[in-house]
Amino acid sequence: MSAITPPPLDDPLSAIRHDVAGRLLARRPGFSLPQPFYNDGRLFALDMETIFEKEWLFAGMTCEIPAKGNYLTLDVGDNPIIIVRGGEGAIHAFHNVCRHRGSRLCTQERGKVAKLVCHYHQWTYELDGRLLFAGSDLGVDFDFAEFGLRPISVRNAGGFLFICLAETPPEIEGFLASLSRYVAPHDLENTKVAVTSTIVEQANWKLVVENNRECYHCNGAHPELLNSLQEFDDTDDPRATDAYKTLVARKQADWNTLGAPWQLQRFGRQNRLTRTPLLEGRVSMTMDGSQGCRRLLGELSDPDMGSLRILHLPNSWNHVMGDHAVVFRVMPLGPQQTVVTTKWLVHKDAVEGVDYDPAALRRVWDVTNEQDRRLAEENQRGINSKAYSPGPYSPTYEFGVIDFIDWYCERLQESLVHDSPSLQVVRS
């Protein structure tokens with residue numbers, strides 16, 4: 001038997017917390033989630049509070065803020081964020097909120113500034129967040145040190161920027177150390193963004209991630225992607241063919257010679273790293289599998305580096321190849337709306353029109369993203385029906401989805417118990 005201790009009635013979120021705790025306890029392992037997890041506004045607010053405001057999130061790349069004063073912005077739910085390059089190469093992250101009356105400081109997606117200045121009343125901050133100017137009428141007792149920008153934890157790993165809004169962020173150093181080592185041959189710090197795509201999908205963020213975590217649908221939906229991509233990336237995958245295993249062994253020997261890490265590494269269910277070959281004879285995720293950029297990343301001499309696949313839950317998956325990288329960021333906008341940002345990175349010295357054609361570079365993933373958008377949106381429409389009930393995942397083809405959903409449920413339950421100690425699941 002199972003029981004849930006009711007939360008105190010003075011908790012304004014007590015009803016939804018109690019309901020979610022009960023649903024988590026009653027859910028069938030290996031099945032999709034009950035309907036409210038995909039379309040309920042109150043549960044979406046809980047997702048933002050317990051997942052996106054507490055976990056490490058992929059935010060962007062260091063190459064987007066290459067010099068002092070360069071900044072990029074993003075929104076985590078209702079929280080506008082700014083990441084800025086300060087003096088001596090230091091990277092800072094702050095809530096993009098003026099300490100005067102709360103206006104946003106930086107209103108563009110990216111830019112370059114000498115100081116961070118609020119356009120409302122000209123309060124001015126140093127790039128490290130210190131308040132420098134607040135007018136001349138606040139009195140001699142006004143303490144500038146008390147009104148610096150509110151900082152956010154930020155980490156750089158091999159060119160990938162991660163932020164966390166929690167006061168005490170969860171441990172991530174082990175994953176970041178391995179990530180830095182795996183991407184080192186590609187030197188992503190010395191790249192540039194060649195192309196950016198932003199798609200708003202009318203679907204819950206978990207459906208967007210679920211769709212990414214399996215290739216069960218690839219044969220029927222992604223012919224362009226399968227011109228170069230293997231459907232699996234692990235020789236222990238039950239679908240792996242003998243031809244794939246032979247190719248893997250040959251390429252791993254090549255990568256050992258080049259000093260390029262390839263071993264599959266898991267960090268719980270949240271993070272995953274592995275390098276796997278593309279299809280025989282393909283070296284890049286382009287329409288014909290040929291190089292998308294003539295100038296290889298880093299100091300690489302071999303374009304056939306396979307795909308370094310990087311997973312970071314809850315909001316990113318990535319492919320790093322010999323000639324370019326494709327990075328993906330997922331951010332929820334509402335219960336049934338998610339923005340997916342895709343960026344194609346090339347060597348910083350690559351010349352557009354000479355070394356790469358932006359249209360050719362992006363074509364495969366533009367088509368694939370659009371196909372995935374339609375799939376996620378049709379999934380959402382069906383889930384909204386009164387006929388929907390949780391269905392079983394395939395342990396052979398959808399084990400990645402099972403891992404994601406199990407991770408999500410565990411993190412949600414842990415957060416619920418942590419934030420409301422009286423809300424405890426009791427099993428007997």
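This is a predicted model: local features need pLDDT of at least 70, side-chain atom pairs count only at pLDDT 80 or more; totals for chains, interfaces and linings use all residues.

Student: How many bridges join strand β10 to strand β11?

Tutor: Strand β10 covers residues 153-157 and strand β11 covers residues 160-164, and the two run antiparallel. The number of bridges joining β10 to β11 is five.

Student: Which residue in the turn between β10 and β11 has a positive phi?

Tutor: The two strands form a hairpin, with two residues between them. In that turn a positive phi of about 60° is found at G158.

Student: Turning to the open sheet of four strands, which strands stand at its edges, and why is one side of each left without a neighbour?

Tutor: The order in this open sheet is β5-β4-β3-β6, with antiparallel pairing. Each edge strand has a single partner strand, so one side of each is left without a neighbour in the sheet. The strands at the edges are β5 (91-95) and β6 (110-112).

Student: What is the bridge partner of I82 in β5?

Tutor: Strand β4, residues 79-85, is joined to β5 by five bridges, and the two strands run antiparallel. Within β5, the bridge partner of I82 is F94.

Student: Which cysteines does the disulfide join, and is it left-handed or right-handed?

Tutor: A search of the whole structure finds one disulfide, and it joins C215 to C218, with an S to S distance of 1.9 Å. The torsion about the S-S bond of C215 and C218 is about -105°, so the disulfide is left-handed.

Student: Is C218 buried or exposed, and what is its relative accessible area?

Tutor: Buried means under 20% relative accessible area, and C215, at 10%, counts as buried. C218 is buried as well, and its relative accessible area is 3%.

Student: C63 is in no disulfide, so how far away is the nearest cysteine sulfur?

Tutor: C63 is buried, with a relative accessible area of 11%. The nearest cysteine sulfur to C63 belongs to C293, at a distance of 13 Å.

Notes
Residues are numbered from 1 along each chain as its sequence is written. Side-chain values use heavy atoms; hydrogens and water are left out. A disulfide is a pair of cysteine sulfur atoms within 2.5 Å. Buried means under 20% relative accessible area, exposed over 50%, partly exposed in between (1.4 Å probe, protein chains only). Two strands pair if DSSP finds at least two bridges between them.
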